[in-house]
Amino acid sequence: MTADVLDATFAALADPTRRAILARLAEGEATVMELAAPFAMSQPGISKHLRVLERAGLVSRRRDAQRRPCRLEPGPLKDAMAWLADYRAYWEESYQRLDVLLGELRATGAAGGDDE
């Protein structure tokens, strides 16, 4: 994954409306009007959000007669999760080291007694 793709994915996910659109699309395809329904936003406003999601590769549209349903494209989300997994491993290792240190401090404190 290139840095540009990752940047576009995280930029698209930064907006709560776009995250809500993705959550809705995770349930299945929807038209722009169906996606706009729960928001106090115009169809052009939703379309702008969809264009950001499309540029990030998170959403695609296809033509179905008169309809142009949108669908979730999970690939970029998978790539973002893989990128984040490296940091999750880092933090898990850090917490394990902290647990060991706390265990050692407790053992030392229990052996030496409390002076307070």
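Biologist: Which helix provides the largest share of the nonpolar patch?

Modeller: Helix H5 (residues 75-112) does, with eleven residues; helices are DSSP runs (H or I, at least four residues), numbered from the N terminus. The model is predicted: local features need pLDDT of at least 70, side-chain atom pairs count only at pLDDT 80 or more, and totals for chains, interfaces and linings use all residues. Residues are numbered from 1 along each chain as its sequence is written, and side-chain values use heavy atoms, without hydrogens and water.

Biologist: Why is H2 called roughly perpendicular to H4?

Modeller: H2 (residues 16-25) and H4 (residues 43-55) pack at about 80 degrees, their axes 10 Å apart. The axes are lines fitted to C-alpha atoms over the stretch in contact, with angles from 0 to 180 degrees between N-to-C directions. Roughly perpendicular covers 65 to 115 degrees, so H2 is roughly perpendicular to H4.

Biologist: What makes Arg62 and Glu29 a salt bridge?

Modeller: Their closest N and O atoms are 2.9 Å apart, and a salt bridge requires a side-chain nitrogen of Lys or Arg within 4 Å of a carboxyl oxygen of Asp or Glu. Arg62 lies in the loop between strands E1 (59-61) and E2 (70-72) and Glu29 in the loop between H2 and H3 (32-36), so the pair ties together parts 33 residues apart in sequence; strands are DSSP runs (E, at least two residues). The structure holds five salt bridges.

Note on methods:
Angles under 35 degrees count as roughly parallel, over 145 as roughly antiparallel, 65 to 115 as roughly perpendicular and the rest as oblique.
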